[in-house]
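Here are my notes on this model, in numbered points. Please read them with the structure open beside you.

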Amino acid sequence: MKRQHLALGIALAATLLAAYFAPQEEAELVAPVARSGGAAPPSAASAPASPARQAAAHVLRIRPRDGGPADGEDAGDWPFARAGWSPAPAAPVPAAAATVVAAVAAPAAPPEPAGPPPLPFTVLGRYAEAGGGEPVVFLQHNDESLVVRVGDTIAEHYKVEGLEGGVLTLLHLPTNQRQTLDLGSGQGG
């Protein structure tokens with residue numbers, strides 16, 4: 001325990017000696033800043049300051065707790081200045097440019113649909129009873145298996161209009177266009 005106390009005492013004495021014999025020039029870098037106008041006291045203001053000292057004094061200014069710029073300092077110089085949520089005010093636009101902006105900003109007519117999207121169904125199979133019952137087609141849409149008959153509406157956008165041979169006819173309701181889905185060459189059953 002005595003060795004620890006001795007080591008701490010030596011470290012304390014060395015620190016005090018270093019602080020006492022520190023060069024005066026470095027101490028001038030930390031010039032106090034008056035809170036009222038941001039100007040240094042008259043003793044520091046009368047001495048010419050080098051660019052390095054000015055930069056050091058700028059960095060060492062006491063800043064408010066809210067993170068804003070120090071007194072007398074422009075908020076644009078402070079990288080962590082508070083910013084509002086509202087956008088910056090728009091610069092005035094010359095009259096000639098305003099007509100060009102108005103012409104460009106005019107909404108264009110929506111493009112006409114190029115047609116219905118490709119069918120999102122995969123054929124799993126079909127079934128028709130031997131006694132002439134209504135044929136049924138098994139489709140897959142995403143991860144869902146569907147049992148489809150003529151007249152059904154599937155996937156909210158397609159209506160089954162007919163089943164002839166190996167072709168299923170579907171009406172895409174948003175575009176009112178017909179599409180066909182090949183079921184394969186077999187008749188099923």
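1. Let's start with a pairing: T153 stands opposite K159 in β5. The strands concerned are β4 and β5 (residues 158-164), which pair in the antiparallel sense over 2 bridges. Two strands count as paired here if DSSP finds at least two bridges between them. Helices (H or I, at least four residues) and strands (E, at least two) are DSSP runs, numbered from the N terminus.

2. A word on the ground rules before going further. This is a predicted model, in which local features need pLDDT of at least 70 and side-chain atom pairs count only at pLDDT 80 or more, while totals for chains, interfaces and linings use all residues. Residues are numbered from 1 along each chain as its sequence is written, and side-chain values use heavy atoms, with hydrogens and water left out.

3. β4 and β5 belong to an open sheet of 4 strands in the order β4-β5-β6-β7, with antiparallel pairing. Its edge strands are β4 (153-154) and β7 (177-182), each pairing on one side only. Strands of a sheet pair through backbone hydrogen bonds, either parallel or antiparallel.

4. At the other end of that order, strand β6 (residues 167-172) and β7 run antiparallel and are joined by 6 bridges. L170 has Q179 in β7 as its bridge partner. The hairpin of β6 and β7 has 4 residues between the strands, and N176 takes a positive phi near 55 degrees there.

5. How many salt bridges does a search of the whole structure find? The search finds 1, with a salt bridge taken as a side-chain nitrogen of Lys or Arg within 4 Å of a carboxyl oxygen of Asp or Glu. The side chains of E161 and R178 meet in a salt bridge, at 2.6 Å from N to O. E161 lies in strand β5 and R178 in strand β7, so the pair ties together parts that are 17 residues apart in sequence. E161 counts as partly exposed at 32% relative accessibility, whereas R178 counts as exposed at 56%.

6. N142, in the loop between β2 and β3 (144-148), has a phi near 60 degrees, a positive value in a residue other than glycine. E156, in the loop between β4 and β5, also has a positive phi near 60 degrees, and is likewise a residue other than glycine. N142 is exposed, with a relative accessible area of 61%, and E156 is exposed as well, with 70%.

7. Now G151, which is found in the loop between β3 and β4. G151 counts as partly exposed, at 42% relative accessibility. The C-alpha atoms of G151 and L170 are separated by 9.6 Å, with the two residues 19 apart along the chain.

8. F138 is found in strand β2 (residues 136-141) and is partly exposed, with a relative accessible area of 31%.

9. Finally, the chain as a whole. There are 5 helices and 7 strands, and along the sequence the pattern reads α-α-α-α-α-β-β-β-β-β-β-β. Buried residues make up 14% of the 189 residues in the chain. Helix α1 (residues 2-20) has 19 residues, which at 1.5 Å a residue should span 27 Å, in agreement with end C-alpha atoms 27 Å apart; the expected span is 1.5 Å times one less than the number of residues. Of the 19 residues of α1, the number buried is 0, so α1 lies largely in the open.

Methods:
Buried means under 20% relative accessible area, exposed over 50%, partly exposed in between (1.4 Å probe, protein chains only).
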